[in-house]
Amino acid sequence: MTTIPTIGLIGLGVMGGPMCRNIALKHDGAVIAFDMQAKAFELLEGTKAQKANSIADVAAAADIVFLSLPGGPQVKEVCLGGEGLASGERHPSIIVDLSTTAVDLSRSVATSLEERGIHFADAPVARTREAAQRGELSIMVGASNELYQTIEPFLRYMGSDVTHCGESGCGQVVKLANNALVFENTMALAEMMVVSERAGVRPEVLLDAVSKGSGDSFALRNHGQKSMLPRQFPERSFPPEYVVKDLGYMLELASQVGVAPHVTELAERYYRATADNGWSGRYYPAVIEVIDRNISLK
């Protein structure tokens with residue numbers, strides 16, 4: 001792009017809000033944002049970000065639009081719905097989806113948008129809310145080489161690690177694999193914490209010792225140390241129902257490529273039990289409570 005593009009962002013939630021703030025602070029051009037919750041705009045106070053009153057307002061003003069939405073149905077509706085980004089006379093030239101969705105849905109949306117002259121990239125993000133606030137997310141991109149080269153500088157407003165994973169949908173493939181691994185690792189860590197404590201080893205001793213050996217992991221140093229050890233599972237963090245959603249996408253993908261994903265199936269059952277037994281809306285490492293209380297799995 002020869003001129004400075006106007007950037008839009010739709011979805012100012014736990015991750016989207018900090019990402020939009022970083023865009024507004026770092027981008028030289030105009031920034032416009034939309035969220036259905038008025039309170040979400042409070043995080044953008046003190047920045048140049050303008051508040052849009054509708055998706056149509058974003059479509060009419062922005063050249064590149066980033067999406068940070070709960071899942072695939074919302075992405076499809078915002079892009080292709082009757083009042084979506086592609087529905088009006090004027091629409092953005094590029095849409096970049098930062099959400100986590102099913103791979104086939106992402107590729108289907110990309111095809112539909114290309115038919116309307118809109119380029120689409122899947123660029124799901126990984127790491128924590130704190131990383132989003134610092135602009136240090138890991139971003140996994142599925143796009144053509146040309147499109148990737150265009151959007152990569154803008155992704156670096158939000159991410160310290162940006163990886164081109166391949167063509168359309170490949171960003172989602174890598175993100176789903178990343179999420180499944182960390183969810184499964186967290187579940188395994190929770191089980192070992194419960195077993196070790198009942199066998200006479202204090203949880204803090206276990207985590208300290210394992211962190212110095214080959215059992216060390218991101219899940220141990222973050223979810224184990226910061227959440228499962230103090231048994232603190234705050235709201236407005238990544239909840240177990242989001243875990244179930246993402247694992248469902250991975251189970252769907254595994255079935256499509258002919259793999260029997262038994263570990264992922266077990267993890268999906270554990271996190272569904274977490275959501276169904278009192279920890280819905282709470283931080284997903286609460287899975288340790290399901291294990292500790294011997295709650296049966298469906």
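**From a loop to the core**

Start with Glu-42, which is partly exposed: its relative accessible area is 43%. That value counts as partly exposed because buried means under 20% and exposed over 50%. Keep in mind that this is a predicted model. Glu-42 sits in the loop between E2 and strand E3 (50-51). Leu-12 is 30 residues from Glu-42 in sequence, and their C-alpha atoms are 9.8 Å apart in space.

Now go inside. The largest nonpolar core has 35 residues. Phe-66, Val-96, Leu-98, Ile-139, Val-141, Leu-155 and Met-158 have the most contacts inside it. Several elements give two or more residues to this core, including strand E1 (7-10), helix H1 (16-26), strand E4 (64-67), strand E5 (94-97), strand E8 (137-142) and helix H6 (145-155). H6 supplies the largest share, five residues.

Take Phe-66 as a probe of the surroundings. Beyond its neighbours within four places in sequence, Phe-66 is in contact with Ile-7, Gly-8, Leu-9, Ile-10, Ile-23, Val-96, Leu-98, Phe-154, Leu-155 and Met-158. Another core, of 34 residues, lies apart from the largest one; among its members are Val-103, Ala-180, Met-187 and Ala-286.

Back to H6. Which of its residues are buried? They are Leu-147, Tyr-148, Ile-151, Glu-152, Phe-154 and Leu-155. Viewed down the axis of H6, these buried residues fall within an arc of 160°, so they line one face of the helix. They pack against E1, E4, E5, strand E6 (119-122), E8 and strand E9 (159-166). The face of H6 turned away from the buried side carries exposed Asn-145, Glu-146 and Gln-149.

Notes:
Residues are numbered from 1 along each chain as its sequence is written. This is a predicted model: local features need pLDDT of at least 70, side-chain atom pairs count only at pLDDT 80 or more; totals for chains, interfaces and linings use all residues. Side-chain values use heavy atoms; hydrogens and water are left out. A nonpolar core is a set of buried Ala, Val, Leu, Ile, Met, Phe, Trp, Tyr and Cys residues joined through side-chain atoms within 4.5 Å. Buried means under 20% relative accessible area, exposed over 50%, partly exposed in between (1.4 Å probe, protein chains only). Helices (H or I, at least four residues) and strands (E, at least two) are DSSP runs, numbered from the N terminus. Contact means heavy atoms within 4.5 Å. The arc is that of the directions from the helix axis to the C-beta atoms.
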